[in-house]
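Subject: Handover of a model, with notes on its helices and sheet

Dear colleague,

I am passing the structure below on to you, and my notes on it follow. Please read them with the coordinates open beside you.

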Amino acid sequence: MKRNLAILGSTGSIGTQALEVVAANPDIFEVEVLTAQNNADLLIEQAAKFQPNVVVISNEALYDKVFSALDPLDIKVYTGEKSLSSVVQMESINMVLTALVGYAGLIPTVAAIKAGKHIALANKETLVVAGELVTDLAQKNRVDILPVDSEHSAIFQCLVGEFHNPIEKIILTASGGPFLGRDRDFLKSVTKLQALKHPNWSMGAKITIDSASLMNKGLEVIEAKWLFGLTPDQIEVVVHPQSIIHSMVQFEDGSIKAQMGLPDMRVPIQFALSYPARLKSDFPRFDFSKYPSLTFQRPDIQTFRNLGFAFEALSQGGNMACIVNAANEIAVASFLRDEIGFLEMSDLIEDCMHRVSFVKTPTLEDYIRTDEEARRIAMEFSF
Ligand code: NAD
Ligand code: MG
């Protein structure tokens, strides 16, 4: 079962860990495409090692540098807005790992699905923005969307062998992030350095801030709805600070299945890439004696309002989750530039939910327009 991969966002946290999985299993995985936005040095290094057919460097200013390094190795180099959407259609690819961050994942993922490529989905924003459209398209094209996100991988792993059994509900676990138990007074003045320190996972900057604000869990609620065909009241969020139980499924007989292990993204990445097989790994193993207690508590949605916004977006439907996503991307970027405070990120998202034009049954073009409008309105937000 040779898998020929395109890895979109190969220089990021998920991308580099995916390449570790590939390097450990050379008989199974072949890398056809690697892509990055800005990190030309790492992209060149990865390409020299994994010998893909093609690389894409999205930042056009870096094209010459990447070209002159890789042309002698017979590796094609592309840049420009449309290049991600065209390289994913290459005949030699059978699976696309979407490890790029944000809304930028949507259009290339749609192109890959239309070309019949299976998707290993790390880029949760794609399902947040256009979950209905993307999952419909995948069904029509008989394409699998295999979750990489650890919670969704956990749910998927619990469902293997149970696909004929209805789900009563899923229980998404959340670490609670670095500010678990803190009140609004404390959060008013937290800095990006504090917010970037996640207790259990080392990840890209955007998802780390999302984890601190519970937006990440909100995005994951929406992602779960589309991946597993659930209604909002079938999705429960439980804070589990040790991040050992990665999520759970409760069936109609009341039985709950959990998937657990150390927090190590290589496990869900590898499972998505190798499904239905489980490959032998040398990742560190869980030791029960080091975790005498696993604890659980309810999320505080009065303090961390973003999680409530996600449920609100689901109940409104239409393009509301697309609005929340775009507003959040602007909010996080502004917070990372020290332009707005931690709690103001939620104020900005709420403002956009009220002001951006609502579309009940959006097309792909509507999502593109909504994303643009929401970003414009989010940029105008003043305090
Ligand atoms: P990251 O910031 O570490 O890496 C992002 C990658 O995408 C880089 O290779 C970058 O060059 C590329 N990229 C960024 N913006 C781009 C753009 N506009 N166009 C093209 N390429 C672009 O991010 P990450 O933490 O690896 O996260 C990637 C995705 O996986 C996100 O959607 C995130 O929510 C999801 N995810 C990550 C983790 C994790 O542990 N890091 C866990 C679950 C889900
Ligand atoms: Mg997750």
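The axes themselves are lines fitted to C-alpha atoms, for helices over the stretch in contact, and the angles run from 0 to 180 degrees between N-to-C directions. Helices (H or I, at least four residues) and strands (E, at least two) are DSSP runs, numbered from the N terminus.

This is a predicted model, in which local features need pLDDT of at least 70 and side-chain atom pairs count only at pLDDT 80 or more, while totals for chains, interfaces and linings use all residues. Residues are numbered from 1 along each chain as its sequence is written, and chains are lettered from A and ligands numbered from 1 in the order in which they are written.

**Annotated spans**

The UniProt record, an unreviewed entry, lists "domain: 1-deoxy-D-xylulose 5-phosphate reductoisomerase N-terminal" for residues 5-131; UniProt positions are in the numbering used here, feature names are shortened, and annotations may be inferred rather than shown by experiment. In the model, residues 5-131 are 41% helix and 21% strand, with end C-alpha atoms 23 Å apart. The record also gives "domain: 1-deoxy-D-xylulose 5-phosphate reductoisomerase C-terminal" for residues 145-228, a span that is 48% helix and 13% strand and whose end C-alpha atoms lie 11 Å apart. A further annotation from that unreviewed entry, "domain: DXP reductoisomerase C-terminal", covers residues 260-376, where the chain is 53% helix and 1% strand and the end C-alpha atoms are 41 Å apart.

**The sheets**

An open sheet of seven strands runs in the order β4-β3-β2-β1-β5-β6-β7 with parallel pairing, where two strands pair if DSSP finds at least two bridges between them. Its edge strands, each pairing on one side only, are β4 (76-78) and β7 (145-147), and neighbouring strands of the sheet are turned by 20° against each other on average, direction ignored. Strand β6 (residues 118-121) pairs with β7 in the parallel sense over three bridges, and I119 has I145 in β7 as its bridge partner.

Elsewhere, strand β8 (residues 167-174) pairs with strand β10 (residues 245-251) in the antiparallel sense over four bridges, with I171 opposite M248 in β10. Strand β8 also runs parallel to strand β9 (residues 235-239), to which five bridges join it, and there A174 has V239 as its bridge partner.

**Helices α5 and α6**

How do α5 and α6 lie relative to each other? The axes of α5 and helix α6 (residues 125-140) come within 11 Å and cross at roughly 10°, and the two helices are therefore roughly parallel to each other. In their contact (C-beta atoms, placed from the backbone, within 7 Å), L106, T109, V110, I113 and K114 of α5 meet T126, V129, A130, V134, L137 and A138 of α6.

L106 belongs to helix α5 (residues 106-114) and, leaving aside residues up to four places away in sequence, touches T126, V129 and A130. A residue is buried if 20 or more other C-beta atoms lie within 10 Å of its own, exposed if 12 or fewer, and partly exposed in between; L106 counts as buried because it has 25 C-beta neighbours inside 10 Å. The buried residues of α5 are L106, P108, T109, V110, A112 and I113, and their cover includes β1 (3-8), α4 (83-87), β5 (95-98), β6, α6 and α16 (364-380). Just after α5, G116 takes a positive phi of about 80°.

**Backbone points to check**

R142, in the loop between α6 and β7, has a positive phi near 50° although this residue is not a glycine, and R142 counts as exposed because it has 9 C-beta neighbours inside 10 Å. L214, in the loop between α10 (205-212) and α11 (215-228), likewise has a positive phi, near 65°, in a residue other than glycine, but L214 is buried, with 29 other C-beta atoms within 10 Å. Finally, the peptide bond from Y275 to P276 is cis, with omega near 5°, and P276 sits in the loop between α12 (266-274) and α13 (306-316).

Terms used. Two residues are in contact if their C-beta atoms, placed from the backbone, lie within 7 Å. Angles under 35 degrees count as roughly parallel, over 145 as roughly antiparallel, 65 to 115 as roughly perpendicular and the rest as oblique.
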